[in-house]
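Biologist: Take a close look at one part of this model for me, please. I'd like to hear about the charged side chains and who they pair with, and then whatever else you'd point out from there.

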Amino acid sequence: MRVKNRRAIASLFLAGLVLLVYWFWLSLRPVEIVAIHHRSSGFSDVLVTSFPPTDKGKIKWWLKNQNMLKDKYAIPKPDSNGYFYVTFWLFGKGYKEEGKYDRLCFNDIKTKINCIEKDAIFSVDKSRNMGLMFTVYDGDNYRLDLNGDIIKVTSD
């Protein structure tokens, strides 16, 4: 009986260790920007191959890299009122034809293969009423307050 318990504990420990290593690997992967598409005034789409897995990691990545994004890719690209909306999409298996229902297509690509699967993971927008907002598509919404603190937005 003791041997079975030891094997079970060793198996659980090993499984936990594998999950922990996988989580660290996900967290440490660099964000690779594949393409930037500017739509109408103030709207930009960023196609990425990976992104931090946590809400905090996504926001932290934006705050750390916003100057690089502005200098290298000219995003965000605010409209005449200073408002903008940047959405980060997982690039997945690349560009595809429009064929399938509900794909996001980019008019600035002049071929039939100009769409991606809609797999938004993060967005940042700035407006007059809310200021700088962060939306995590599998998580919550957050706002940057005047003191630089990140505040979770509740839907009350």
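**Charged pairs, and on from there**

Modeller: Glu 117 is a handy place to start: its relative accessibility is 28%, so it counts as partly exposed. Keep in mind that this is a predicted model. The side chain of Glu 117 meets that of Arg 103 in a salt bridge, 2.7 Å from N to O. That pair joins distant parts of the chain, since Arg 103 sits in strand β5 and Glu 117 in strand β6, 14 residues apart. Arg 103 has a relative accessible area of 18% and is buried, because the cut-off for buried is under 20%.

There are four salt bridges in the structure. Another one of them brings together Asp 102 and Lys 118, at 2.8 Å from N to O. Asp 102 belongs to the loop between β4 (96–97) and β5 (103–105), and Lys 118 to the loop between β6 (113–117) and β7, so this bridge ties together parts 16 residues apart in sequence. Asp 102 is partly exposed at 39%, and Lys 118 is partly exposed at 43%.

Then there's Asp 140 with Lys 152, a salt bridge of 3.2 Å from N to O. Here the loop between β8 (131–136) and β9 supplies Asp 140 and strand β10 supplies Lys 152, so parts 12 residues apart in sequence are tied together. Asp 140 is partly exposed at 29% relative accessibility, and Lys 152 is partly exposed at 48%.

Now for a charged residue without such a partner. Asp 145 lies in the loop between β9 (141–144) and β10 (150–153). Asp 145 is buried but has no salt bridge, and the nearest side chain of opposite charge, that of Arg 143, is 6.0 Å away. What the side chain of Asp 145 does have is a polar atom 2.7 Å from the backbone nitrogen of Asp 149.

The structure holds nine aromatic pairs. One of them is Phe 51 with Phe 88, a tilted pair with 5.1 Å between centres and 35° between planes. Phe 51 is in the loop between β2 (43–48) and α2 (55–73) and Phe 88 in strand β3 (residues 84–90), so the pair ties together parts 37 residues apart in sequence. Phe 88 is buried at 0% relative accessible area, and Phe 51 counts as buried at 7%. Phe 51 also pairs with Phe 122: the centres are 5.7 Å apart and the planes at 35°, so that pair is tilted too. It links distant parts of the chain, with Phe 122 in strand β7 (residues 120–127), 71 residues from Phe 51. Phe 122 is buried as well. These three rings belong to one aromatic cluster, together with Trp 61, Trp 62 and Phe 134.

Last stop, the backbone between α2 and β3. Most residues other than glycine have a negative phi, and most peptide bonds are trans. Ala 74, in that loop, has a positive phi near 60°. Ala 74 is partly exposed, with a relative accessible area of 35%.

Terms used
Residues numbered from 1 in each chain as written. Predicted model: local features only at pLDDT ≥ 70, side-chain atom pairs only at ≥ 80, totals over all residues. Heavy atoms only, no water. Helix = DSSP H or I, 4+ residues; strand = E, 2+ residues; numbered from the N terminus. Buried < 20%, exposed > 50% of the residue type's maximum accessible area, 1.4 Å probe, protein only. Lys, Arg positive; Asp, Glu negative; His and termini not counted. Polar contact = N/O pair within 3.5 Å; in protein donor to acceptor, adjacent residues only side chain to side chain. Phe/Tyr/Trp six-rings, centres within 6.5 Å; stacked < 30°, edge-to-face > 60°.
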